[in-house]
Amino acid sequence: MSKQLVYDEAYMGVAEIFADLSHDTEIRVGSCVVQEGQILSQGWNGMPAGMGNDTRNGEGLTNPEVIHAEANALMKLAKNGGRAFGATVYTTHSPCYNCAGLLLQAGVKRVVYRDEYDKKAVKFLKERGVKVDCIKPSSRTLKGKSKESKS
């Protein structure tokens, strides 16, 4: 196993930990922004600060004010004076089209995800020079964990 893959799996593990903080009943997404071996920020899909944790309406649809994990991580970083230019974003699910635009605008150079969510958004990023990689957990990272996804 390459050194890069070992790090990719470690940072994906961090994104998965933050996904567990989501209160969404359908899909829990976690992300972390990494640059030069440092985790700069993290996020998960959820409601804006100060609001309740109900991410779904009475019909089971996502509330429009839900902030996606990637956007949440980028906003936390910006709020604290940081920047994502040249960074890698690890996210449990590939970004949606809107988040792909935010990642591109922030100058993210690489996106690593585990589960595909939006094929068109992945294509959008690749066509604009962002390196995008899908990694699946290895048997080494599954030790002691259930092989079933919580999302």
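In which kind of crossing, left-handed or right-handed, does H2 pass H3? In this predicted model, H2 passes H3 in a left-handed crossing.

**How the helices pack**

Two packed helices are described by the angle between their axes and the distance between the axes. Here are those values for the two pairs:

| Helix pair | Angle | Distance between axes |
|---|---|---|
| H2 and H3 | about 30 degrees | 9 Å |
| H3 and H4 | about 20 degrees | 8 Å |

Helix H3 covers residues 97-106 and helix H4 covers residues 119-127. Since angles under 35 degrees count as roughly parallel, the angle of about 20 degrees makes H3 roughly parallel to H4. H2 and H3 are likewise roughly parallel to each other.

**Who meets whom**

Start with H2 and H3. From H2 come Glu-70, Ala-71 and Leu-74, and they meet Cys-99, Leu-102, Leu-103 and Ala-106 of H3. By class, this contact has 6 nonpolar residues, no polar ones and 1 charged.

Now turn to H4, which H3 passes in a right-handed crossing. On the H3 side you will find Tyr-97, Ala-100, Gly-101 and Leu-104, and these meet Lys-120, Ala-121, Phe-124 and Leu-125 in H4. The residues of this contact divide into 6 nonpolar, 1 polar and 1 charged.

**The second largest pocket**

Rolling a probe the size of a water molecule over the atoms shows where empty space is left. How much volume does the second largest pocket have? The value is about 290 Å³. Its lining is made up of 16 residues, and the closest to the centre of the pocket are Met-47, Pro-48, Ala-49, Asn-72 and Lys-76.

Definitions and conventions:
Residues are numbered from 1 along each chain as its sequence is written. This is a predicted model: local features need pLDDT of at least 70, side-chain atom pairs count only at pLDDT 80 or more; totals for chains, interfaces and linings use all residues. Side-chain values use heavy atoms; hydrogens and water are left out. On a 1 Å grid over the protein atoms alone, a cavity is a set of points where a 1.4 Å probe fits but cannot get out, and a pocket is an open set with protein on both sides within 12 Å along at least five of seven lines; lining residues have an atom within 4 Å of a point. Grid points are joined across faces, edges and corners, and a volume is the space filled by probe spheres set on the points. Axes are lines fitted to C-alpha atoms, for helices over the stretch in contact, and angles run from 0 to 180 degrees between N-to-C directions. Helices (H or I, at least four residues) and strands (E, at least two) are DSSP runs, numbered from the N terminus. Angles under 35 degrees count as roughly parallel, over 145 as roughly antiparallel, 65 to 115 as roughly perpendicular and the rest as oblique. A crossing is left-handed if the near helix is turned anticlockwise from the far one by less than a right angle, and right-handed if clockwise. Contact means heavy atoms within 4.5 Å. Ala, Val, Leu, Ile, Met, Phe, Trp, Tyr, Cys and Pro count as nonpolar, Asp, Glu, Lys and Arg as charged, and the others, Gly among them, as polar.
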